[in-house]
Amino acid sequence: MSKKTNVRQEQNQNSKEAAEFQNKAIREFVEEKAGDSRTKGPVDESTTRMPDDQNRMITQYNLRK
């Protein structure tokens with residue numbers, strides 16, 4: 001029985017090491033491709049908000065429907 005237990009322990013250890021390696025590889029890939037979240041992209045505060053006049057005009061148009 002001790003051989004079976006040793007084999008299982010070794011298999012568990014190998015599985016854990018493989019999972020850790022895979023997690024590390026995925027994490028590095030995502031960090032490399034995702035870039036810095038603090039950098040401004042194509043959408044920022046100035047492009048996400050509509051001016052009040054445009055907002056009012058859209059509301060009035062929708063109420064007429």
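F29 sits in helix α1, which spans residues 2-34. Helices here are DSSP runs (H or I, at least four residues), numbered from the N terminus. This is a predicted model, where local features need pLDDT of at least 70 and side-chain atom pairs count only at pLDDT 80 or more. Residues are numbered from 1 along each chain, and side-chain values use heavy atoms.

The protein chain has three helices and zero strands, in the order α-α-α. Here is how the confidence (pLDDT, the predictor's score for each residue, from 0 to 100) works out:

| Part | Mean pLDDT |
|---|---|
| Protein chain | 79 |
| Helix α1, highest | 88 |
| Helix α2 (residues 45-48), lowest | 61 |

Where pLDDT is low, the predicted coordinates should not be read in detail.

How much of the protein chain counts as buried? Of its 65 residues, 0% do, with buried meaning under 20% relative accessible area (1.4 Å probe, protein chains only). The accessible surface, from the Shrake-Rupley method with a 1.4 Å probe, is about 6,900 Å², and 51% of that belongs to carbon and sulfur atoms.

Conventions:
Helices (H or I, at least four residues) and strands (E, at least two) are DSSP runs, numbered from the N terminus. Buried means under 20% relative accessible area, exposed over 50%, partly exposed in between (1.4 Å probe, protein chains only).
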